[in-house]
Amino acid sequence: MDRPESIKKIVSLSLLIAVFLVFSVNPVWATNKPAPTPEANKAAIDLVQTHANYMWTLVAAALVFFMQAGFAMVEAGFTRAKNAINIMMKNMMDFSIGSLVFWAIGFGLMFGTTRNGFFGTSDFFLSGWDGPHGDQWILAFWMFQVVFAGTAATIVSGAMAERTKFTAYLIYSVFICGLIYPVFGSWAWGGLFNGGGWLEKLGFIDFAGSTVVHSVGAWCALAGAIILGPRTGKYSPKGEVRAIPGHNIPLAALGVFILWLGWFGFNPGSTTAADCSIAMIFVNTNQAAAAGALSAMILSWILFKKPEIGMTLNGALAGLVAITAGCANVTPTSAIIIGLIAGLLVVLSVLFIDHKLKIDDPVGAVSVHGVCGAWGTLAAGLFNIGGTTSKIVLTQLIGIGACFAWAFGTALILFKITDMIIGLRVSPEEELEGLDLAEHGGHAYNDFQVIN
Amino acid sequence: MKKIEIIIKPFKLDEVKEGLHQIGITGMTLTEVKGHGRQKGHKEVYRGAEYVVDFLPKIKLEIIVDAQNVDRAVETILQKARTGKIGDGKIFVLPVDEVVRVRTGERGREAI
């Protein structure tokens with residue numbers, strides 16, 4: 001470069017730096033705002049926190065939404081290829097229908113103002129929203145809650161897989177997100193918004209929903225599985241259990257990993273606030289899952305002479321479900337213990353329900369979400385950081401019992417009536433040829449020959 | 001002309017194929033099949049329930065040879081496919097009425 005060129009460059013660069021310094025150092029020239037006051041500063045800082053709360057709540061909601069994919073993959077992996085389309089349809093629609101029904105009725109029942117503490121009577125169709133220029137929190141809160149409702153709803157499709165009439169399942173989807181889930185939810189969580197439930201007033205602890213979400217889904221699933229009856233061929237004429245192996249273990253495992261990831265939104269997101277408490281909740285969530293996977297694997301190894309993948313996967317989920325109630329009020333060490341016990345419980349429960357009760361639950365939904373949901377709720381009282389008392393434990397037990405009574409009872413009635421009117425189960429021929437062809441006119445795996 | 005149907009363990013496919021190539025047999029058809037002989041199946045466990053797998057995955061190869069090459073082919077297959085454990089497979093030799101090459105229409109020996 002010759003001298004005139006380099007001089008030009010130095011001059012332009014200096015001018016640029018000078019202009020930059022002038023504008024950045026002098027706030028009056030840098031912006032057009034007046035000099036700041038303490039009140040204005042506080043308002044601005046509060047606004048940043050509010051924005052962070054929205055951000056975290058909605059990112060967490062997206063993570064929880066992704067759990068729908070997790071459930072779909074787990075259920076597909078643990079069932080046969082000839083029913084894969086049906087599983088996808090059920091998972092797609094229980095969330096889609098659930099979203100609409102929760103918008104119309106569910107959210108209001110769960111979080112609307114209440115006179116009796118048993119259900120809400122306002123905020124239907126998101127009527128509480130004031131338009132795009134008012135307070136938007138109701139939308140963020142609703143978004144977070146709808147994915148929780150969807151989680152409860154989709155638990156049922158696993159237990160009722162491979163033999164449920166699709167139309168019956170669609171009807172069920174309306175009722176779980178429109179009635180069963182929100183009513184119980186209002187008892188435990190209504191006060192998070194406009195409501196106030198009798199159960200939360202007793203001091204019931206269920207931070208992210210071991211009972212509110214997972215047990216509700218599980219007890220509905222139990223009712224469905226009982227009314228349906230087992231899959232054809234599941235039990236021999238003498239009553240021995242026959243294995244019906246899932247068609248894609250990697251899919252099932254992928255589903256569990258996705259659920260584990262989504263749970264990092266499920267539990268910490270329940271703060272609906274961006275603060276430091278989410279750190280312990282994250283850690284508790286992870287450790288419970290890990291401990292559950294480990295103890296389930298070990299127990300399956302002892303019982304079946306080989307570490308079994310189905311039980312191990314269920315173990316991780318069991319730990320996650322169990323920590324969901326107490327994730328914000330137990331220590332990480334306690335979370336490990338809670339997870340370890342959940343992993344043992346889920347193995348024993350699957351065997352008990354499958355072999356002794358002879359209720360066919362293809363994915364172990366009742367064991368994972370019901371039995372371990374109940375355990376987790378109890379554990380939230382037992383391992384409470386502030387110490388436990390008989391009153392705390394009793395309150396937890398009341399919540400666990402009330403949930404079972406409500407969810408199992410209403411679902412039993414719902415499925416029984418559905419069965420009487422349109423039939424809950426497909427015909428034996430349809431079940432044999434596969435729901436993909438019978439209900440949806442196609443095959444999930446068109447390029448493969450599926451021999452059963 | 002004879003058709004030789006060969007049922008072998010799947011992991012023996014490459015060895016058997018190479019062996020057949022080496023004795024001049026280059027055309028063959030492969031199918032993935034399941035089967036069992038006199039061996040019983042084995043037990044597996046799935047979520048706490050034991051079940052017996054009767055039909056084990058095998059590979060079926062089909063080749064067409066001149067009658068005079070049958071013994072050599074069978075010897076080669078036996079050598080390559082045998083492990084000495086149950087489930088090694090079977091060889092069937094069948095008569096063939098006619099062989100036709102689709103591309104040219106050739107018939108008989110020239111079409112093999």
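Trainee: What pLDDT does chain B average, and how many of the residues score at least 70?

Mentor: This is a predicted model, and chain B averages a pLDDT of 93, with 100% of the residues at 70 or above. The scale of pLDDT, the predictor's confidence in each residue, runs from 0 to 100. For the model as a whole, the scores are ipTM 0.77 and pTM 0.89.

Trainee: Why is Ile105(A) called partly exposed?

Mentor: A buried residue needs 20 or more other C-beta atoms within 10 Å, and an exposed one has 12 or fewer. Ile105(A) has 18 such neighbours, so Ile105(A) falls in between and counts as partly exposed.

Trainee: Where does Ile105(A) lie, and which residues does Ile105(A) touch beyond those up to four places away in sequence?

Mentor: Ile105(A) belongs to helix H4 of chain A, which covers residues 84-111. Setting aside residues up to four places away in sequence, Ile105(A) touches Phe124(A) and Gly178(A). These count as contacts because C-beta atoms within 7 Å define one. Leu432(A), by comparison, is 327 residues from Ile105(A) in sequence and 38 Å away in space, C-alpha to C-alpha.

Trainee: Which residues touch the most other members of the largest nonpolar core?

Mentor: They are Val216(A) and Ala221(A), in a core of 126 residues. Helix H6 of chain A, residues 166-189, supplies the largest share of this core, namely twelve residues. Apart from residues up to four places away in sequence, Val216(A) touches Ala152(A), Ile180(A), Tyr181(A), Phe184(A), Cys403(A) and Ala407(A). A second, separate core has twelve residues, among them Ile8(B), Leu20(B), Ile25(B) and Ile59(B).

Trainee: How many residues of chain B are in contact with chain A?

Mentor: Seven residues of chain B are in contact with twelve residues of chain A. On the chain B side, strand E3 (42-46) and strand E4 (49-53) are the elements that give two or more residues. E4(B) gives the most, with three residues.

Trainee: What kinds of residue form the side of chain B that touches chain A?

Mentor: That side divides into four nonpolar, one polar and two charged residues.

Definitions and conventions:
Residues numbered from 1 in each chain as written. Chains lettered and ligands numbered in written order. Predicted model: local features only at pLDDT ≥ 70, side-chain atom pairs only at ≥ 80, totals over all residues. Contact = placed C-beta atoms within 7 Å. Helix = DSSP H or I, 4+ residues; strand = E, 2+ residues; numbered from the N terminus. Nonpolar A, V, L, I, M, F, W, Y, C, P; charged D, E, K, R; others polar. Core = buried A, V, L, I, M, F, W, Y, C linked by C-beta atoms within 7 Å.
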